[in-house]
Amino acid sequence: MASLGFGIERVGLPSLRNPKTSIIVILLVSLVAALGLLKLKPAGSLGELFRSGSTEFANYQKLNKLFPTTEYDVMVLIKGKDLMRPQTLDDIRNIQLELEFADGVENVVSMFTMRGKPDKTGYAPPLFAADIPTGIEFDKLKKQIGEHPHIKDKFLSKAEKDGEQVALMVVSLKEGSTTTGVLSKVIDGLHETIKDNAEPAKLQYLMTGSPVMQLEIRKSIKHDRITFNVIGFTFGVFISLYFFRRPTLVFISSICPAFAVLWIMGLLGHVGQPINTFINVLPPLIMVITLSDAMHMVFSILKGMRAGKSKYDAVKESILSVGPACVLTSLTTTIALLSMALTDSADIKAFALAAAGGTMMAFFAVITLVPTLSMLLIKDEKSFLEEKDTGFNPLLWLEKLCIKLTGFVIPRWRQLAIIGISVGVIFTILHTQLDARYRLSDQVPDADDTLLAMDLIDTKLSGAQKINILVKWPDSMSYHSPKVIEAIGKTHRLLEHQSKINNVSSLETMRLYLKRELGQENPTAFKEYVDKLPDHLSARYLNHEERTALVSGQIKNLEAAQVAPILHKIEPVLDVLRQEFPGLEFTTAGLAVVSALQSTNMINTLNQGLMLAIIIVIILLGVAFRSLDAALLSIVPNLFPIVSVGAILYLFGEGLQFASVMGLTVAFGLAVDDTIHFLNRYELEQRKTGSVESHVRNTIAHIGPVLILTTLVLLCGLSVTSLSDLPVTRLFGQLSMATLASALVADLLILPAIILAARKVKPFGHDFSLVNKTSQKLQKARVKKRK
């Protein structure tokens with residue numbers, strides 16, 4: 001019969017014939033890959049997840065180019081009771097002064113940098129004098145602070161009943177301070193500076209912001225990479241030791257995952273692919289894929305040698321019998337992974353390509369390393385004949401379990417088929433009700449104070465995220481032109497009227513403040529006020545060179561689905577402003593904007609890609625088995641794991657996140673392997689005489705133990721993701737494990753029941769078979785010719 005692996009498994013034969021040459025080539029490739037590990041680097045900003053050719057991302061880049069401080073802001077929260085006391089304010093200002101001289105700091109913005117009422121010359125002096133006053137003068141200052149539009153609920157919260165208040169400082173870092181290797185030193189320096197000054201004053205502090213989040217993500221990725229690799233390799237050794245007992249076989253099966261991970265991570269280093277939060281799960285994923293295939297091949301070699309075959313023949317038989325299934329499972333897993341490349345996200349595309357490449361490298365690692373090392377390291381062939389079956393005790397126990405399972409499944413095939421299909425339909429309906437969900441905090445480690453700081457800004461101040469509108473005017477105008485001032489004012493009020501948007505800031509805020517202080521509109525005073533502001537303050541609202549003003553409104557850490565409706569309400573009003581002010585441009589921008597508008601589409605695209613992958617895999621199974629029956633039989637067991645986990649998410653009130661759809665996709669690529677091995681074994685059983693019941697019984701008894709074992713290997717291997725501080729990594733692992741467990745149930749309970757039920761349903765009828773008729777005729781012709 002034609003090979004299930006389309007003959008690709010034969011790439012392992014040269015390693016069998018020339019193991020010494022093969023090991024030299026493998027070591028040279030590994031050396032080159034090891035050099036690539038030195039080039040690995042963490043991903044950049046949080047917005048990289050949404051990098052694409054979309055208008056929203058282009059506007060986000062434009063915002064960062066025009067107002068770069070938004071990308072380099074560290075938010076420092078000073079918390080304490082009765083902050084509005086002269087000594088406490090002086091202590092907080094000392095912290096700011098020390099921060100301004102810290103390494104990597106460009107400037108610091110806080111209530112202490114705010115300006116008061118301009119004098120007759122137009123100069124606006126600092127709100128805080130060099131010496132903080134006491135008595136009546138302090139009471140006046142306190143009132144000014146409480147009424148200042150740039151301080152109230154932005155840099156200083158209201159005092160709670162117990163007197164607790166929060167003061168905010170925005171520390172802008174220099175552009176080069178966020179690079180790998182530098183950022184850690186800068187943030188650590190900020191921590192040390194604040195701690196040294198806050199503790200004596202009995203003040204508490206927290207830090208958050210994009211640079212802090214980036215650093216925490218990088219630390220988590222580095223920690224996970226070490227943890228996953230060490231625990232993953234150790235796990236592989238123990239699993240192999242438990243089932244094989246022989247040091248040689250343990251080494252062969254457990255070293256394959258290490259080489260596969262080395263090759264793919266080295267390749268990523270050479271091509272300059274940064275390690276993002278998704279690629280972070282690649283090592284454990286590739287390890288379990290490789291270990292599963294390696295165990296299949298080593299089991300085959302061990303059985304062959306115990307049956308009296310020579311080392312050479314046993315390894316060759318393993319390549320030609322187990323190899324095709326490994327090829328097909330690698331292809332189906334690769335197809336599932338590549339479906340994620342349909343999304344616009346550069347980060348997810350990178351993961352899809354890296355995971356697909358890693359899956360193929362896992363196959364080549366197994367198909368070359370197992371034959372090579374078996375031929376070089378297995379010495380005493382006779383000892384295999386003399387060996388007792390103690391090494392197979394776990395499998396023998398699983399075989400007994402599967403024999404009992406057949407006694408449960410076969411008599412109840414009708415009920416199981418009806419229940420399986422009915423539940424599958426219900427789960428499918430529930431799965432389709434899932435909505436896409438995303439929030440920025442999902443990307444950030446939840447084991448540190450970064451999220452606590454974000455929550456504090458949300459509850460005490462106005463929110464840590466922003467919705468921005470860029471207002472650009474032509475060369476013939478300036479920021480103080482009446483039309484531009486009017487346009488900025490209307491844009492400002494547009495954001496103020498939106499629910500969930502708080503504390504809108506812009507040049508309009510300054511204009512209204514001056515109008516209130518001066519008692520009248522004074523365009524000249526407004527121009528002088530803005531022109532005489534320090535550059536680092538005016539740059540947050542105005543870019544003179546690009547003739548662009550920034551209008552920003554703060555929002556809390558909301559779901560993308562909550563932010564999108566706000567943006568949809570803003571855009572029609574902006575269209576009206578575009579008509580009212582021809583020549584001026586109005587553009588919404590920001591990380592909150594791009595995530596709200598793109599995350600839903602990206603997640604839905606990933607989900608659609610998963611459905612497409614399932615269809616392609618079903619067709620591929622039909623082609624590989626040369627049987628329409630195989631394609632039809634694989635539909636339910638392939639869909640059931642996906643929709644069952646989706647139904648659980650729905651019932652628990654969860655939605656589809658990036659990590660959940662990706663976890664389902666990856667798990668499907670792994671779970672379909674069980675269906676392939678089951679159908680492959682059933683096809684072999686059909687070549688023997690007997691009833692369908694006997695074929696199903698023998699298939700479950702023979703392949704069931706291996707499916708249970710490999711599923712346990714995958715579950716244990718992926719369980720290491722639970723040690724991560726990154727929520728996306730943990731969610732990815734949890735859903736992948738749930739899908740794999742559901743797939744095992746589908747393949748050992750539902751699939752056999754459907755096979756038995758298919759006898760009664762056309763087009764299968766009594767001639768139901770996976771064995772291709774043409775292949776049968778060719779096989780008979782070859783036998784007749786040999787005779």
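Begin with an open sheet of four strands, ordered 2-3-1-4 with antiparallel pairing. Strands here are DSSP runs of E with at least two residues, helices are runs of H or I with at least four, and both are numbered from the N terminus. Two strands pair if DSSP finds at least two bridges between them. The model is predicted: local features need pLDDT of at least 70, side-chain atom pairs count only at pLDDT 80 or more, and totals for chains, interfaces and linings use all residues. Residues are numbered from 1 along each chain as its sequence is written, and side-chain values use heavy atoms, leaving out hydrogens and water.

**Stop 1**

Angles are taken between axes, which are lines fitted to C-alpha atoms (for helices, over the stretch in contact); they run from 0 to 180 degrees between N-to-C directions.

Find Val 76: its bridge partner in strand 3 is Met 169. Next, show helix 15 (residues 450-460). Helix 15 packs on the sheet and touches strand 1, strand 3 and strand 4. Its direction makes about 100 degrees with that of strand 4. Contact means heavy atoms within 4.5 Å.

**Stop 1: strand 8**

Select 548-555. Is strand 8 enclosed or open? Eight of its eight residues are buried, so strand 8 is largely enclosed by the rest of the structure. Buried means under 20% relative accessible area, exposed over 50%, and partly exposed in between (1.4 Å probe, protein chains only).

Turn on the side chains. Thr 548, Leu 550, Ser 552 and Gln 554 point one way, while Ala 549, Val 551, Gly 553 and Ile 555 point the other. In a regular strand the side chains alternate between the two faces of the sheet.

Which strands pair with strand 8?

- Lys 466 stands opposite Gln 554.
- Asn 502 has Gln 554 as its bridge partner.
- Leu 542 is partnered by Ala 549.

Zoom in on the hairpin of strand 7 and strand 8. Four residues lie between the strands, and Arg 547 takes a positive phi near 50 degrees.

**Stop 2: aromatic rings**

The structure holds 11 aromatic pairs. Rings of Phe, Tyr and Trp (its six-membered ring) pair if their centres lie within 6.5 Å; planes under 30 degrees apart count as stacked, over 60 as edge-to-face and the rest as tilted.

Select Phe 351 and Phe 732. This pair is edge-to-face, 6.2 Å centre to centre with 85 degrees between the planes. Phe 351 sits in helix 11 (residues 346-377) and Phe 732 in helix 26 (residues 727-757), 381 residues apart. Phe 351 is buried at 0% relative accessible area, and Phe 732 is buried at 4%.

Then select Phe 581 and Phe 586. Their pair is tilted: 6.4 Å centre to centre, 50 degrees between the planes. Both are buried. Finish the rings with Phe 50, Tyr 438 and Phe 658, which ring pairs link into a cluster.
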